[in-house]
Amino acid sequence: MVLALIPALAAALAVATPAETAGGLRFVDAADDWGIDFLHRHGGRGDYYMIETVGSGVVAFDYDRDGDDDLLFVDSGDPAPHGGAPGRTTLLRNDGGRFVDVTDASGIRLDSYGMGAVTGDVDGDGDPDLYLTAFGPNRLWLNRGDGAFVPAPDDAGGADPSWSASAAFGDVDLDGDLDLYVANYVDFSYDNNVRCGDPPPGPRSYCHPDAYDGLPDRFYRNDRGPEGGPVFVEAAAEEGLAGPRHAGLGVVITDFDGDRRPDIYVANDMDPNLHFVNRPAGKGPRFEDDALLAGTGLSDRGEAEAGMGIAVGDVDGNGLEDLIVTHLDRQTNALYSNRGDGLFLERRFVAGIAEPSMPWVGFGADLADFDLDGDLDLVVANGHVIHNISEHAGFADAAYAQPNQLLENLGERFAEVENSGVGAVRVSRGLATADFDLDGDLDLVISNCNDRAEIYRNESTRKGDPVQVDLVDRGTANRRAVGAVIELRSATRIQRREVRAGSSYLSQNSLTQTFGAPSADHPVEIRIRWPVEGRLRLPQLPGGRRLRVVR
């Protein structure tokens, strides 16, 4: 095992002090300062193809392994009846706080109508690869390690031609490499473009998902070929994941019950959510949908809701992973609190996240400690799916473009932050968090539908010192230890993070885990539970540091 303090980054963390910022949780627009100008294009021209209103995703990942997170924005392009010109899915390299467009050099080009992305080292060579979802064939791009990506061979699999939304990587069969779950949406096609409006034959608008049948999701087991390359084999039926034909939008692979076997949760749009528990079964896993018994499949009133984005984290500090799912306006976002015995309690109103979300349509979301006080705050990207919603009966006060929201965790409940700086009024979709400027706190990027992206620098008042942890596992193909659990123990609390590949909505957060420690003068202890097997304890570590732990 190798424990390394990253010198250049440690200096950046150490010089930032609470005196530099004031006003609680606060962000400032950094797009111009950081050189980011991405415009998503959905190509709509009045036919109201449903695909036009649900994108797009964004990924924060260190594709060149230089220690800072880069950005990938997924573009959609033109629908096929309008020429089908692909969008320009864009890779921006982080060069010390300024982002440089390296798309052409990267070779990344999605020839389908783009939706989202997820990243993970699927071939075990140490470089993060990229899986892009789309309306049309999805594409796997392998990172060559020299700044360029190449499309995976056709026999690598994973090129589902359905309408795919979010995807997630995880080692669900515990064989040391990353498998893939893809959430598919509805069976829309250009030939069955239903005319929707309120009331018919009133002004035309985008359709509700109930206008179409749902699609089965896909699960791809990574069987890796003889030369080490990924070979994704569709194994949903074999693993107990086949059957439901729901309108899937969000997905996360995470260990809810602490048994070291990754579970899978899928947020469905107006269908019951799926909560697949990973059961041991001979040589491999066997999944069972436990959503109804666990209490995570329906609303507090027993109704299916419009599930879209997912955020997972230990909200109440009891050492268990809780679950937030974003929804349509008037449904409110949900918080499922993990009891630790396989059951979850619906606590959206008790936790204070229901009322603030009532007027808005939530998509991307993340739970992160933005003020470094040791608990997880909540950020949500909002935007309606119906472009003329205010013309619909009973929705005169609604709007297509909506403000995003930041809620501070006050211990017993969340409280919405006024003047947080992230409330730009746009049609927001994907969201990701990362420390882009390497100052120790988490910044924020939001992708918008048919609009420019937003990126925000965190200037919150710091209530603690940052501790950041990167994991590298040289003994398996899962080099970034996706599925590992990191605990930071201080005199006041225990904080928990799990390394996940795929989060939010169509998007992914940084794999670097950020904690808030009480003070640099009070050492903390870090405990790591590696995927599959192995534990590590690192006592007496100072705050204000970024660590790379290698085994």
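Is Arg221 buried or exposed, going by its relative accessibility?

Modeller: Bear in mind that this is a predicted model. Arg221 counts as buried, because its relative accessibility is 14% and the cut-off for buried is under 20%. Its side chain meets that of Asp223 in a salt bridge, 2.9 Å from N to O. Asp223 itself is partly exposed, at 35% relative accessible area.

That's one of 37 salt bridges in the structure. Another brings together the side chains of Glu321 and Arg496, at 2.4 Å from N to O. Here the pair links distant parts of the chain, 175 residues apart: Glu321 sits in the loop between β23 and β24, and Arg496 in strand β38. Glu321 is buried, with 1% relative accessible area, and Arg496 is buried too, at 8%.

Then there's Asp439 with Arg462, whose closest N and O atoms are 3.6 Å apart. Asp439 is in the loop between β33 and β34 and Arg462 in the loop between β35 and β36, so this pair ties together parts 23 residues apart in sequence. Both Asp439 and Arg462 are buried.

β34 and β35 make a hairpin with five residues between them, and Asn450 in the turn has a positive phi of about 55°.

Key
Residues are numbered from 1 along each chain as its sequence is written. This is a predicted model: local features need pLDDT of at least 70, side-chain atom pairs count only at pLDDT 80 or more; totals for chains, interfaces and linings use all residues. Side-chain values use heavy atoms; hydrogens and water are left out. Two strands pair if DSSP finds at least two bridges between them. Helices (H or I, at least four residues) and strands (E, at least two) are DSSP runs, numbered from the N terminus. A salt bridge is a side-chain nitrogen of Lys or Arg within 4 Å of a carboxyl oxygen of Asp or Glu. Buried means under 20% relative accessible area, exposed over 50%, partly exposed in between (1.4 Å probe, protein chains only).
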